[in-house]
Amino acid sequence: MTQRLHLVFGGELVDPTKNAFKNVDDIHIVGIFPNYASAYDAWKSEAHRTVDNAHTRYYIAHLHRLRDEETSASPTEELE
């Protein structure tokens, strides 16, 4: 069975119409979740908690899409 990991993170944006964080060091990592449903629940909780701050956004990153196990890795990915 393939694992479909999801990362939930967020923080304050420079401009609420863009996706650039004001301070990357202050990004809030909510966690890594084993499926979309649990990631969505965590995202929704954080989004509701910060609803009064228009500059704060939370996102769900589909970690399982970042690497296709069927494609061979580049030499830099195979460092020992």
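Predicted model: local features only at pLDDT ≥ 70, side-chain atom pairs only at ≥ 80, totals over all residues.
Which residues does Thr-56 touch, not counting residues up to four places away in sequence?

1. Thr-56 belongs to strand 3. Leaving aside residues up to four places away in sequence, Thr-56 touches Gly-11, Glu-12 and Thr-50.

2. Thr-56 has a relative accessibility of 14% and therefore counts as buried, the cut-off being under 20%. The side chain of Thr-56 also makes a polar contact of 2.9 Å with the side chain of Asn-53.

3. Helix 1 comprises 14 residues, spanning 36–49. From first C-alpha to last, helix 1 reaches 20 Å, which is close to the 20 Å expected at 1.5 Å a residue.

4. Ala-39, Ala-42 and Glu-46 are the buried residues of helix 1. Viewed down the helix axis, the buried residues fall within an arc of 65°, so they line one face of helix 1. As background, an α-helix has 3.6 residues a turn, so residues three or four places apart point the same way.

5. Exposed residues are found on the other side of helix 1, namely Ala-37, Asp-41 and His-48.

6. The cover over the buried residues of helix 1 includes strand 1 (6–12), strand 2 (28–33) and strand 3 (56–62). Strand 3 is also the place of Thr-56.

Key
Residues numbered from 1 in each chain as written. Heavy atoms only, no water. Helix = DSSP H or I, 4+ residues; strand = E, 2+ residues; numbered from the N terminus. Expected span 1.5 Å × (residues − 1). Buried < 20%, exposed > 50% of the residue type's maximum accessible area, 1.4 Å probe, protein only. Arc of directions from axis to C-beta. Contact = heavy atoms within 4.5 Å. Polar contact = N/O pair within 3.5 Å; in protein donor to acceptor, adjacent residues only side chain to side chain.
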